[in-house]
Amino acid sequence: MEKIMLAPLAYGLAVVLSLFVVFIGARFLLVPQAAAAGYGVPARPDGDTAYLTVKGLKDLTFGLLGLALIAFTTADTVAWYMLIVALVPLGDTLIVLRNGGTRAVAFGIHFATAVVVLLNAALLFAL
């Protein structure tokens with residue numbers, strides 16, 4: 001009975017997280033300078049467009065992959081995906097700290113996101 005009640009929360013959070021990553025990817029593709037500033041390490045106004053495009057494409061792909069896994073595989077598969085993909089916001093935390101970003105952004109956005117993704121993985125493993 002508990003697993004039945006846990007499933008909507010676990011899958012709902014996985015969908016929200018995946019859609020959020022799709023949004024971030026699309027934002028980097030459509031408004032890269034603003035997206036970079038929101039990330040915590042502003043891009044140079046005269047450059048970095050190739051890297052920002054790569055980041056956008058990667059994030060968009062990760063988000064769509066998450067949605068596909070949610071739709072077509074098991075909870076364990078999605079849980080493993082979330083566990084592995086949590087490395088991205090953990091790495092983002094270090095990138096922001098090493099490149100002049102604020103601790104508030106590094107920990108308040110990126111590290112907090114990693115914690116939520118890891119929590120989601122735990123919920124999915126519990127199903």
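Which helix holds both Phe 107 and Phe 111, and how many residues apart are they? Keep that in mind while we look at the aromatic rings in this predicted model.

Let's begin with the count: there are three aromatic pairs here. One of them is made by Phe 20 and Phe 23, and this pair is stacked. Their ring centres are 6.5 Å apart, and there are 25° between the planes. That angle is under 30 degrees, so the pair counts as stacked. What about their surroundings? Phe 20 is partly exposed, with a relative accessible area of 43%, and Phe 23 is partly exposed too, at 49%.

Next comes the pair from our opening question. Phe 107 and Phe 111 form an edge-to-face pair, with 5.9 Å from centre to centre and 65° between the planes. Here the angle is over 60 degrees, so the label is edge-to-face. And the answer to the question: both residues lie in helix 6 (residues 103–125), four residues apart, which is about one turn of the helix. Phe 107 has a relative accessibility of 36% and counts as partly exposed. Phe 111 is partly exposed as well, with a relative accessible area of 36%.

Lys 55 lies over the face of Phe 28, at 5.0 Å from the ring centre.

Technical notes: Residues are numbered from 1 along each chain as its sequence is written. This is a predicted model: local features need pLDDT of at least 70, side-chain atom pairs count only at pLDDT 80 or more; totals for chains, interfaces and linings use all residues. Side-chain values use heavy atoms; hydrogens and water are left out. Rings of Phe, Tyr and Trp (its six-membered ring) pair if their centres lie within 6.5 Å; planes under 30 degrees apart count as stacked, over 60 as edge-to-face and the rest as tilted. Buried means under 20% relative accessible area, exposed over 50%, partly exposed in between (1.4 Å probe, protein chains only). Helices (H or I, at least four residues) and strands (E, at least two) are DSSP runs, numbered from the N terminus. A charge sits over a ring if NZ of Lys or CZ of Arg is within 6 Å of the ring centre and within 35 degrees of the ring normal.
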